[in-house]
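User: Could you take me through this structure step by step, with a few questions and answers along the way?

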Amino acid sequence: MDHDSRGVVSLTGNKEDEVAYMQVNGMLSSLYENLIWEEMTGAKSVSTMAVLENSYRFVDEGEIWHVVR
């Protein structure tokens with residue numbers, strides 16, 4: 001397996017922009033991992049972003065309180 005290293009340098013020199021870019025890049029990679037697999041196989045799949053999305057809905061709908069209590 002090849003090693004795929006990436007480096008990011010902000011054009012403005014802002015380190016926070018570099019971190020934000022890499023975070024969004026990671027989230028999109030995870031999301032596409034899930035979507036591509038489902039598109040190719042027709043089967044439901046899971047990725048980190050899919051789990052976080054479902055968790056957010058679970059908490060947002062107030063259902064978490066039923067679990068906590």
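User: How many helices and strands make up the secondary structure of the protein chain?
Analyst: This is a predicted model, in which local features need pLDDT of at least 70 and side-chain atom pairs count only at pLDDT 80 or more, while totals for chains, interfaces and linings use all residues. Residues are numbered from 1 along each chain as its sequence is written, and side-chain values use heavy atoms, with hydrogens and water left out. Helices (H or I, at least four residues) and strands (E, at least two) are DSSP runs, numbered from the N terminus. Counted in this way, the protein chain has three helices and zero strands.

User: Which element of the protein chain has the highest mean pLDDT?
Analyst: pLDDT is the predictor's confidence in each residue, from 0 to 100, and the protein chain averages 79. Helix H3 (residues 64–68) has the lowest mean among the elements, 50, whereas the highest, 88, belongs to H1.

User: Is Asn 34 buried or exposed?
Analyst: Asn 34 lies in helix H1, and its relative accessible area is 7%. Because buried means under 20% relative accessible area, exposed over 50% and partly exposed in between (1.4 Å probe, protein chains only), Asn 34 is buried.

User: Which residue's side chain does a polar contact of 2.8 Å join to that of Asn 34?
Analyst: A polar contact is a pair of N or O atoms within 3.5 Å; within protein, one must be able to donate a hydrogen and the other to accept it, and residues adjacent in sequence count only if both atoms are side-chain atoms. The partner that Asn 34 reaches through this 2.8 Å contact is Ser 45.
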